[in-house]
Amino acid sequence: MRSQPHGEDHTMRPMSRGLLAGLAAVASVTVQAEIGDAARGGQPESLFIDKVPTAQGQATAELIAKALAKGRLVIFGHMGKLTDPKLGDKGFTGDYFMAHWKATLEPELMGLTPEQKPILEKLLWAGKQSIDNNQDRLNVKGVGWKNFLPAKWARETGDLLNTRTGIVTRQPSRAYRHPANRPDELDRKALVRATSAGFGGRPFGEFAMMGKQKVYRYYEPVPLMKPCLACHGEPKGERDILGYEKDGLKEGDVFGLISVAVPVTD
Ligand code: HEC
């Protein structure tokens with residue numbers, strides 16, 4: 001059959017309509033790509049409950065970071081037991097953990113100021129609570145890896161501390177596993193500094209604003225030890241036992257930071 005009269009007209013119009021519809025679809029996809037992005041402006045914490053005088057900002061943030069680092073080491077020292085598939089109840093309770101953690105914290109617990117005391121009490125509570133919260137997980141029998149390790153304890157402890165104080169802690173790293181450790185702008189700058197060649201490995205910090213609140217931000221480098229290399233070591237890109245790509249680092253390399261922001265009063 002021959003084409004219908006005015007066939008060209010009939011075919012051209014639908015084609016250009018189709019083109020427009022296509023363009024509109026592309027535009028709406030672009031708009032939709034913004035759905036799920038972070039809201040602009042502002043920042044998550046707005047009520048800072050426990051504040052310290054400016055002069056105590058650095059020491060307080062340092063205290064929290066050191067206590068988290070030491071708690072991490074207590075967990076680290078028990079990882080063999082905690083990942084033993086043959087054991088059920090491991091007796092790694094909040095009380096057990098607390099006794100070991102507190103023993104390592106003696107220097108930090110001396111000479112606390114009246115403003116630091118409630119913060120440290122809440123931190124100790126948070127650290128113990130996060131172990132208690134994980135009992136079901138830790139005591140599973142017949143499973144080695146239980147998705148519990150020092151970084152998770154420090155993250156969950158930091159969340160609980162934040163709940164009761166407003167203090168913000170994070171563990172940004174070269175390649176974060178947990179989304180809560182996504183660095184903010186200052187964390188990222190601190191990471192670049194702490195992972196650059198020639199960095200001496202010493203903690204550092206600065207005053208900054210978090211929303212409308214002045215805070216002291218402190219960064220404690222987290223170096224890798226031998227057993228950490230199973231996941232964060234070489235060869236870079238090879239999958240670790242959890243399926244993440246390894247980071248290609250060596251013993252002693254800084255993988256991340258314990259980042260602590262303490263609100264100050266003036
Ligand atoms: C079994 C693999 C594995 C080993 C071994 C391991 N990590 Fe990780 N690391 C992870 C996972 C998974 C997370 C995320 C934990 C979470 O927040 O739930 C993580 C998180 C971290 C973070 C926080 C940033 C992030 O990536 O979310 C730091 C810092 C870190 N690890 C350092 C270490 C250090 C130091 C060691 C040795 C003491 C170590 N890791 C051993 C898997 C591992």
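Modeller: The account below begins with the ligand site and then turns to the chain around it.

This is a predicted model, in which local features need pLDDT of at least 70 and side-chain atom pairs count only at pLDDT 80 or more, while totals for chains, interfaces and linings use all residues. Residues are numbered from 1 along each chain as its sequence is written, and side-chain values use heavy atoms, with hydrogens and water left out.

The ligand has 25 residues around it, of which Arg155, Arg177, Cys228, Cys231 and His232 come nearest. A residue is counted as near when one of its heavy atoms lies within 4 Å of the molecule. By type, the shell comprises 16 nonpolar, 5 polar and 4 charged residues. In this division Ala, Val, Leu, Ile, Met, Phe, Trp, Tyr, Cys and Pro are nonpolar, Asp, Glu, Lys and Arg are charged, and the others, Gly among them, are polar.

The space that the ligand takes is the largest pocket. A pocket is an open set of points, on a 1 Å grid over the protein atoms alone, where a 1.4 Å probe fits, with protein on both sides within 12 Å along at least five of seven lines. A molecule sits in such a pocket if more than half of its atoms lie within 2 Å of the grid points.

From Arg177, a polar backbone atom is 2.7 Å from a ligand oxygen. In the case of Asn181, an N or O atom of the side chain is 2.8 Å from an oxygen atom of the ligand. Ser173 has a polar side-chain atom 3.2 Å from a ligand oxygen. The term polar contact denotes a pair of N or O atoms within 3.5 Å; within protein, one must be able to donate a hydrogen and the other to accept it, and residues adjacent in sequence count only if both atoms are side-chain atoms.

Four elements each supply at least two residues of the shell: helix 2 (57-77), helix 8 (150-165), strand 3 (213-223) and helix 10 (229-232). Helix 8 gives the most, with 3 residues. Helices (H or I, at least four residues) and strands (E, at least two) are DSSP runs numbered from the N terminus. The protein chain has 10 helices and 4 strands, in the order α-α-α-α-α-α-α-α-β-α-β-β-α-β.

Gly248 is partly exposed because its relative accessible area is 21%; buried means under 20%, exposed over 50%, and partly exposed in between (1.4 Å probe, protein chains only). Gly248 touches His232, Gly233, Glu234 and Lys236, not counting residues up to four places away in sequence; contact here means heavy atoms within 4.5 Å. Gly248 and Glu234 are 14 residues apart in sequence, yet their C-alpha atoms are 4.0 Å apart in space. The peptide bond from Glu234 to Pro235 is cis, with omega near -5 degrees, and Pro235 lies in the loop between helix 10 and strand 4.

Strand 3 contains Arg217, which counts as buried because its relative accessibility is 2%. Its side chain makes a polar contact of 2.9 Å with the side chain of Asp187. Beyond its neighbours within four places in sequence, Arg217 is in contact with residues including Arg170, Asp184, Phe204, Glu206 and Ser259.

In the loop between helix 7 (135-138) and helix 8 lies Asn147, whose phi is near 60 degrees, a positive value in a residue other than glycine. Asn147 counts as partly exposed because its relative accessibility is 39%. The loop between helix 8 and strand 1 (168-170) holds Gly166, which is buried because its relative accessibility is 0%. Gly166 and Leu47 are 119 residues apart in sequence and 6.1 Å apart in space, C-alpha to C-alpha.

Across the protein chain, buried residues make up 40% of the 266 residues. Of its contacts with a separation of 6 or more, 69% join residues 24 or more positions apart.

Technical notes
1 Å grid on protein atoms, 1.4 Å probe; cavity = no way out; pocket = protein on both sides within 12 Å on 5 of 7 lines; lining within 4 Å.
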